[in-house]
Amino acid sequence: MSKIYHGVVNAADKFVPNALRPLWNHAAGPKTVFFWAPVFKWGLVVAGLSDLRRPADQLSISQSASLAATGVIWSRYSLVIIPKNYGLFSVNLFVAGTQILQLYRAWDFSRKAPKVTE
């Protein structure tokens, strides 16, 4: 798989305009996993945003808490590594934000829901 990837990158290399060369050749640029991992992680943000249409009583609190925690942790990590990875920072900030919003929705629902007494 690595040979295929490097073949594609080398073929695309000659089509990259000079203005985009710094990004293309950056240590966290499109030639590395440090670029593509955050790109694909935006799927988690899209999933979190689509869950805004889900009724609050159907949200998974443990899943939202886990994703919020990893978003916060990886946001911090992305700013202390060298090179700083702002793509990783931004996607994790949005992952944390969407999941904190989901946690708030679940908490607000449980607060406003009528208490069942037996």
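**Model and confidence**

The structure is a predicted model. The protein chain has an average pLDDT of 89, and 97% of the residues score at least 70. Of the elements in the chain, helix α4 (residues 61–80) has the highest mean pLDDT, at 95, while helix α1 (residues 2–13) has the lowest, at 84.

**Fold and dimensions**

The protein chain contains 5 helices and 0 strands. Read from the N terminus, the order of its elements is α-α-α-α-α. The domain assignment divides the protein chain into domain 1 (1–26) and domain 2 (32–112). Between the C-alpha centres of domain 1 and domain 2 the distance is 30 Å.

The radius of gyration of the protein chain is 20 Å, whereas a compact globule of 118 residues would have one near 13 Å. Along the principal axes, the C-alpha atoms fill a box of roughly 70 × 25 × 25 Å. Of the 118 residues in the protein chain, 27% are buried. The accessible surface amounts to about 8,400 Å², and carbon and sulfur atoms account for 69% of that surface. When contacts between residues at least 6 apart in sequence are considered, 63% of them join residues at least 24 apart.

**Aromatic pairs**

The structure holds 5 aromatic pairs. One of them is formed by Trp-74 and Tyr-77, with 5.0 Å centre to centre and 85 degrees between the planes, an edge-to-face arrangement. Both residues of this pair, Trp-74 and Tyr-77, belong to helix α4 and are 3 residues apart, about one turn of the helix. Trp-74 has 38% relative accessibility, so Trp-74 counts as partly exposed. Tyr-77, at 40% relative accessibility, also counts as partly exposed.

The rings of Tyr-104 and Trp-107 have centres 5.8 Å apart and planes at 45 degrees, and the pair is therefore tilted. Tyr-104 and Trp-107 are both in helix α5 (residues 86–112), where 3 residues, about one turn of the helix, separate them. Tyr-104 is partly exposed because its relative accessibility is 44%. Trp-107 is likewise partly exposed, with a relative accessibility of 48%.

The two pairs are set out below.

| Pair | Centre to centre | Angle between planes | Arrangement |
|---|---|---|---|
| Trp-74 and Tyr-77 | 5.0 Å | 85 degrees | edge-to-face |
| Tyr-104 and Trp-107 | 5.8 Å | 45 degrees | tilted |

Note on methods:
Residues are numbered from 1 along each chain as its sequence is written. This is a predicted model: local features need pLDDT of at least 70, side-chain atom pairs count only at pLDDT 80 or more; totals for chains, interfaces and linings use all residues. Side-chain values use heavy atoms; hydrogens and water are left out. Domain bounds come from an automatic or database domain assignment. pLDDT is the predictor's confidence in each residue, from 0 to 100. Helices (H or I, at least four residues) and strands (E, at least two) are DSSP runs, numbered from the N terminus. The radius of gyration is taken over C-alpha atoms; the globule rule is 2.2 Å times the number of residues to the power 0.38. Buried means under 20% relative accessible area, exposed over 50%, partly exposed in between (1.4 Å probe, protein chains only). Contact means heavy atoms within 4.5 Å. Accessible areas come from the Shrake-Rupley method with a 1.4 Å probe; for residues, only the protein chains shown count as cover. Rings of Phe, Tyr and Trp (its six-membered ring) pair if their centres lie within 6.5 Å; planes under 30 degrees apart count as stacked, over 60 as edge-to-face and the rest as tilted.
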